[in-house]
Amino acid sequence: MSGGSAAAMRAVELEHSELRQGLRERVASVLASAKSGEGLAETAGELMSFFGSELLPHASAEEATIYAVGAGHKATRLLTQVMLDEHRWLETLVHEYQLVQNDPIRGAAKAEAIAAMFDMHSANEERYLLPEVFRLSDDPEALVAQVQEGVDAVIDSFGSETPADAVAHWFG
Ligand SMILES: [Fe+2]
Ligand SMILES: [Fe+2]
């Protein structure tokens, strides 16, 4: 792996690990609220906000950058399609969470499912897609910088909406 590819891998692995931790902490808070019967509106709102400001913007920005490179090469086209499908699954689960967030049991089960799915998806990306895409890319570090710019652009597009409201509208 070239120096640029290794640095790009480290940057995405760090980003994924922060997303996993942020997600796990918020899901744990939702579970604690479900168990105690206290504060569910607040903890569910924080999880929805995390989806809107962190998880879904990451997926969207990735599609416009890393996945666009992957889709453009025969060797990575199918794998990129699998990763895209996983993004659609994640979005579907987030939409379902939005609908059941006030129900302690169904909300907690859905929140756990999203965390498990993101663990699997980010591991698949790191293990299979990213090393190949960075090998094929002229400038892997620039590609990773574009992901961050894309995340910022998604958040800017919310305007005065909160991330939780924005994600509620994400699904139309
Ligand atoms: Fe992804
Ligand atoms: Fe990712």
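Let me begin with how to read it: residues are numbered from 1 along each chain as its sequence is written, and chains are lettered from A and ligands numbered from 1 in the order in which they are written. Because this is a predicted model, local features need pLDDT of at least 70 and side-chain atom pairs count only at pLDDT 80 or more, while totals for chains, interfaces and linings use all residues.

As for confidence, pLDDT is the predictor's own figure for each residue, from 0 to 100, and the chain has a mean of 95, with 99% of its residues at 70 or more. Confidence is lowest in α7, at a mean of 83, and highest in α5, at 98.

Turning to the fold, the chain has 7 helices and 0 strands, where helices (H or I, at least four residues) and strands (E, at least two) are DSSP runs, numbered from the N terminus.

Buried residues make up 32% of the 172 residues, a residue being buried if 20 or more other C-beta atoms lie within 10 Å of its own, exposed if 12 or fewer, and partly exposed in between, with C-beta atoms placed from the backbone.

What does the largest nonpolar core contain? A nonpolar core is a set of buried Ala, Val, Leu, Ile, Met, Phe, Trp, Tyr and Cys residues joined through C-beta atoms within 7 Å, and of the 21 residues in this one, Val-30, Leu-47, Phe-51, Leu-55 and Ala-111 touch the most other members. Two or more residues each come from α1 (3-36), α2 (40-64), α4 (74-100), α5 (104-136) and α7 (163-170), and the largest share, 9 residues, comes from α2. Apart from this core lies another, of 15 residues, including Val-12, Ile-66, Tyr-67 and Met-83.

Finally, α4 has 27 residues and reaches 40 Å from its first C-alpha to its last, close to the 39 Å expected, that span being 1.5 Å times one less than its number of residues. In this helix Thr-76, Thr-80, Met-83, Val-94 and Tyr-97 are buried.
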